Amino acid sequence: MAQKGPLVKSTPADGVIELLKHVLVRKHRHGWGRCQAWTWLVSMVWAAVLHGRAFIEFTAVQAGSINAVKDFNKGAFWAGRRRMLMVILKLVGFSAAQTFAAEKFKNIWRRVSTEALLSVYLGDGSIYYRAKLTGTLSNPDHRLMSDVQSIVDDVTDISKMLPEHMTNVVGLTGVMWRTSPFACTILWSYVLVVTVTSRTYFEQQTSRLELAVQAAAAHCRYALQRIHECAEGIAFYGAAGAEQQRLVGMVNQLAAEESRLLVTAGVFGSVERLFSWIASILPSMIMAPRFWSGLNKFADYSQMVNGFRKVKDALFFLADNYDKLASITARVERVEELRCFSKSDRFAGKIALPGPSRGALIEVKGVRVAVPSSTWGPAKWLGSSQGVSFTLHQGGTLLIQGESGVGKSSLLRSIAGIWDDGLGTICRADNIYFLPQTPYLPAGHVSAATTLRAQLAYPAAAASAGGTEDAVLHHALDEVKLGHLFDQLDDAKDWNTMLSGGEKQRLVFARLLIRLRVQAAEDPVVLLDEATSACSEQTEERLYHALLECIQPRKGAVITVGHRSSLRKFHQQLVTLE
């Protein structure tokens, strides 16, 4: 089976442009969002340009005031002070407008970009599921939230200063050239040589180390999250000490990566400060002899020094923000890995899913499922070389058994249509219902707490949770032996931690029964992946009786994966995988 290469990547610039397209080019779900984004972006740029022009005006007024003091012209001096006060007010106003517009643009860009990436992550490509199964995309939560926020903040912070710096460079270079073309040429040459030299040497190394630091930090957060999720198992093992030792090792690795970044950043910072201090004295070294020889006035000397300081700050701007540029490069790479994940699918062989077959709800023909290895090596094939074949008609029930690891759950995933890597053909009905071994109880919008009614209505939207009659909910809870929870139907609680493993399996079983009755779909096919493994055999029997009574009038079918021999009495067919 042919395989494709590792995750597709693009350049940092391409990644930033792709995120900008979401907010500035593509249509928003929020109506006027695109117009608002353009409004705040243009406002931010225009305020930055006006701020730069106001500063150029400030330097000109300041030079005039210096000449007025030198010439003992009191009237011109106080007129200059009044004009300077007005310029200062303009500087403050433009700066405030620029900051406000930038924060509004950040807010829109962050929201739209996160929504766009969520649509990729949770879209038709099932990246969220394939990434979990393959293990090749680490920390998607951090990529979707923290990385996107940092990219938006850093890119906007840098971008909002660029128009002002460009205005300063153009305007003040003209002033410096009119004052002394010779001095302007020398100073510009110095700045360009320093900028190119520092960028060539430090940028790539800093970006690589920044990416390593972020990866180590994300791994630490993931380990802490796993401890929170598996706290009970760790407690039963008495493994808190082992987990602490493991986390200390991760923290030490993070500290080592940060130390390497710190050394590089420290060397770069020292070189940058050296160049900056030399730049602070260079204009005076050039202009002082010209002033002493009478070639320039003292105001020219002052204006050249102040003007070059701003030009130097503008041209050193990218060098001063190398830490942000390195962070942007590393984070964009992580976000692009997520966005391009579906394009990096490794398996060329796909199980065909042509649609329903005549006279059968499920028809499996020579299916072999391919699951990923832990590396980019060859895939692991599940099942015999001939593949699995069976047919399930209306009202049929089928049990799949076999040793752990032979591919029972993987085959069920393929029948459900959520994993298609492999060979063979699966013809299936349209109405598929799937219950995994590990029940999923979603958290609320603000906290982990949700109502029991919302849990039973999932995956319907929360607003529709009250659309089902209480009698239907009560009957379903009684069928799964959770009738005592009916009085708490509208209580907001963290049900995922309140209920035991068996209770959670029974709750999602009740959810299934409610969906079957409310949707009243014809020919439903229910796939159960050890969905009663945490229940007693008596409870299991009750659940299967309720399920079969629900689907048989609708001419449905059931496929179960399980190890218990007690399951055989509920099924007409048996498939054993080897």
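**Figure 1. Burial and overall make-up of the chain.** Of the 578 residues in this protein chain, 47% count as buried. The model shown here is predicted. Its secondary structure amounts to 17 helices and 11 strands. Among contacts in the chain with a separation of 6 or more, 81% come from residues 24 or more positions apart.

**Figure 2. An open sheet of five strands.** Reading across this sheet, the strands follow the order β6-β9-β10-β4-β11, and the pairing is parallel. At the edges you will find β6 (432–435) and β11 (573–577), each of which pairs on one side only. From one strand to the next, the twist averages 15 degrees.

Figure 3. Strand β9 covers residues 525–529 and strand β10 covers residues 557–561; the two run parallel and are joined by five bridges. To find your place in this pair, look for V526, which stands opposite V558 in β10. Helix α12 (residues 408–416) packs on the sheet and touches β4 (397–402), β6, β9, β10 and β11. The direction of α12 makes about 155 degrees with that of β9. Helix α16 (residues 501–519) also packs on the sheet, where it touches β6 and β9. Between the directions of α16 and β6 the angle is about 170 degrees.

**Figure 4. The largest nonpolar core.** This core has 38 residues, and L456, V526, L528 and L547 are those with the most contacts inside it. At least two residues each are supplied by β6, α13 (452–457), α14 (470–479), α16, β9 and α17 (537–551). Helix α16 gives the most, with eight residues.

**Figure 5. Helices α16 and α17 side by side.** The axes of α16 and α17 come within 10 Å and cross at roughly 10 degrees, so the two helices are roughly parallel to each other. On the α16 side, the residues in this contact are R506, F509, L512, L513, L516 and R517. They meet T539, L543, A546, L547, C550 and I551 in α17. Sorted by kind, the residues of the contact of α16 with α17 are nine nonpolar, one polar and two charged.

**Figure 6. L543, a buried residue of α17.** L543 is part of helix α17. Its relative accessibility is 1%, so L543 counts as buried. Residues up to four places away in sequence aside, L543 touches E479, V480, R506, F509, T532 and C535. Take E479 as an example: it lies 64 residues from L543 along the chain, yet their C-alpha atoms are separated by 7.1 Å.

**Figure 7. K504, a buried lysine of α16.** K504 has its place in helix α16. With 16% relative accessibility, K504 counts as buried, because the cut-off for buried is under 20%. When residues up to four places away in sequence are not counted, K504 touches P439, L441, N496 and L499.

Terms used
Residues are numbered from 1 along each chain as its sequence is written. This is a predicted model: local features need pLDDT of at least 70, side-chain atom pairs count only at pLDDT 80 or more; totals for chains, interfaces and linings use all residues. Side-chain values use heavy atoms; hydrogens and water are left out. Two strands pair if DSSP finds at least two bridges between them. Helices (H or I, at least four residues) and strands (E, at least two) are DSSP runs, numbered from the N terminus. Axes are lines fitted to C-alpha atoms, for helices over the stretch in contact, and angles run from 0 to 180 degrees between N-to-C directions. Contact means heavy atoms within 4.5 Å. A nonpolar core is a set of buried Ala, Val, Leu, Ile, Met, Phe, Trp, Tyr and Cys residues joined through side-chain atoms within 4.5 Å. Buried means under 20% relative accessible area, exposed over 50%, partly exposed in between (1.4 Å probe, protein chains only). Angles under 35 degrees count as roughly parallel, over 145 as roughly antiparallel, 65 to 115 as roughly perpendicular and the rest as oblique. Ala, Val, Leu, Ile, Met, Phe, Trp, Tyr, Cys and Pro count as nonpolar, Asp, Glu, Lys and Arg as charged, and the others, Gly among them, as polar.
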